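Subject: Handover of a structure

Dear colleague,

Please find below the structure that I am handing over to you. My notes on it follow directly after.

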Amino acid sequence: MKTKINPTKTIGRKILRLIWKTIPFVMVLLVIGLIILPLGKKISEKKLALAQKQSNETAIAKSLTNVITMELIPAMVMEKLSLPGVAKPWVSLEVVSETRGKVINKKITAGRQVKKGDVLAIIDKSDYQNSYDSALASYDSAMATQKRLKALVKKNFVTKSQLDDAVARVKTSKAGLDNAKLNLNRCTILSPMKGIVDRVHIENGTFLNPGDPVAQILQIDKLKIEVGIPESDVDAVRKLKTFDITIDALDGKIYTGEYHYLYKTTDSMARLYNLEIKVENTDGQILPDMFARVKIIKNQDPKGISVPMYSLVNHDKDVGVYVEKEGIVRFRPLKTGFQDGWKTQIPKGLDPGENIVVVGHRIIEDGEKVNVTKTIRDMEEITQ
């Protein structure tokens, strides 16, 4: 007799076996879940905290004012004037005729170098030679008469008054002879100085009267640079000994000049005192009337501290700069000195190595924390 199998029981056993087999796997998953989930939560929390911190820092950084600072480095600071000037000959002499007559021998041309005593021209001497010969004859006759009367007066053949008249005639004739000789010598026109003939006013055949121009002679181996000095700068100029002079016509060549003379009177209209500066010109490159630019150094500080003049700000009726240290700016009132272009000299109040704000200083306040984007050592670095 066969036993009848119950299908429901068979299915139940299969389910129980399946559950029994899956229990270890479920336990493993449970254990993993208990370990990983808390760890993952902690990692997420850390990531969230880090992101929040970075966000806060970025927000803080974005809220700071961006500035550029400049490190203070001692350097030469000079207060300079650049004034226009004109080159003038050291000596300019107009040679004129001292007598009357016709030029028969012109000895010079423009541009010729002459020495003192060189012949420039000769005037016809005929009339003056005749006058000289006549004066010489009169003088010789008067001398002979005086000599004869001196011998006769000892023998009482002539009176003392006759001898006195003879002596007077000698003196008169001597004066006439000297005048005749002087006029004869004046027919040869000589150079009174060493220099260069710049202009010639005569030709052979020119008739001259006393005072008529013959030639202009210049001494240009040294020159005078004439420059007008404003009244406010006269006192500073008096203390100077040398000047830098630039001649634009000579490709900006620079010469060193020496203080020569400051006029004691001024142009009544411009109120400028003419200063004469001596410049050596042995090579003759500088020509009279060339334009010159004279640099006058009124003040200088070889190791001075200076700041850009636009970095100065007004704060509570004081003038000063913002000094940055460790990201914090402090206003420092200052006493300013002289100007050197775009720089202002600071006699005291700032130390070498300190950083001052040169960009952004108009929008910050004393004690504010700032974001320094760049620190420079020279203003040209701003654009780099």
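Lys 106 counts as partly exposed, at 23% relative accessibility; here buried means under 20% relative accessible area, exposed over 50%, and partly exposed in between, with a 1.4 Å probe and protein chains only. Lys 106 forms a salt bridge with Glu 203, and their closest N and O atoms are 3.2 Å apart. A salt bridge is a side-chain nitrogen of Lys or Arg within 4 Å of a carboxyl oxygen of Asp or Glu. This pair links distant parts of the chain, 97 residues apart: Lys 106 is in strand β3 (residues 101-106), and Glu 203 is in the loop between β7 and β8 (207-208). Helices (H or I, at least four residues) and strands (E, at least two) are DSSP runs, numbered from the N terminus. Glu 203 is also partly exposed, with a relative accessible area of 46%.

Please note that this is a predicted model, in which local features need pLDDT of at least 70 and side-chain atom pairs count only at pLDDT 80 or more, while totals for chains, interfaces and linings use all residues. Residues are numbered from 1 along each chain as its sequence is written, and side-chain values use heavy atoms, with hydrogens and water left out.

By the rule above, the count comes to 18 salt bridges. One of them joins Arg 293 to Asp 248, with the closest N and O atoms 3.0 Å apart. Arg 293 belongs to strand β13 (residues 291-304) and Asp 248 to the loop between β10 (242-247) and β11 (253-266), so that the pair links distant parts of the chain, 45 residues apart. Both partners are partly exposed: Arg 293 has a relative accessible area of 34%, and Asp 248 one of 39%.

A further salt bridge is formed by Asp 283 and Lys 253, whose closest N and O atoms are 3.9 Å apart. Asp 283 lies in the loop between β12 (272-280) and β13, and Lys 253 in strand β11, so this pair ties together parts that are 30 residues apart in sequence.

Of its 384 residues, 32% count as buried. Among contacts (heavy atoms within 4.5 Å) between residues at least 6 apart in sequence, 73% join residues at least 24 apart.

Is Ser 173 buried or exposed? Ser 173, found in helix α3 (residues 160-186), is buried, with a relative accessible area of 11%. Leaving aside neighbours within four places in sequence, Ser 173 is in contact with Ala 135, Ser 138, Tyr 139 and Ala 142. Gly 349, by contrast, counts as partly exposed at 40% relative accessibility and is found in the loop between β19 (343-345) and β20 (355-359). With neighbours within four places again left aside, Gly 349 is in contact with Arg 332 and Leu 334. The C-alpha atoms of Gly 349 and Leu 334 are separated by 6.0 Å, although these residues are 15 apart along the chain.

Yours sincerely,
A colleague
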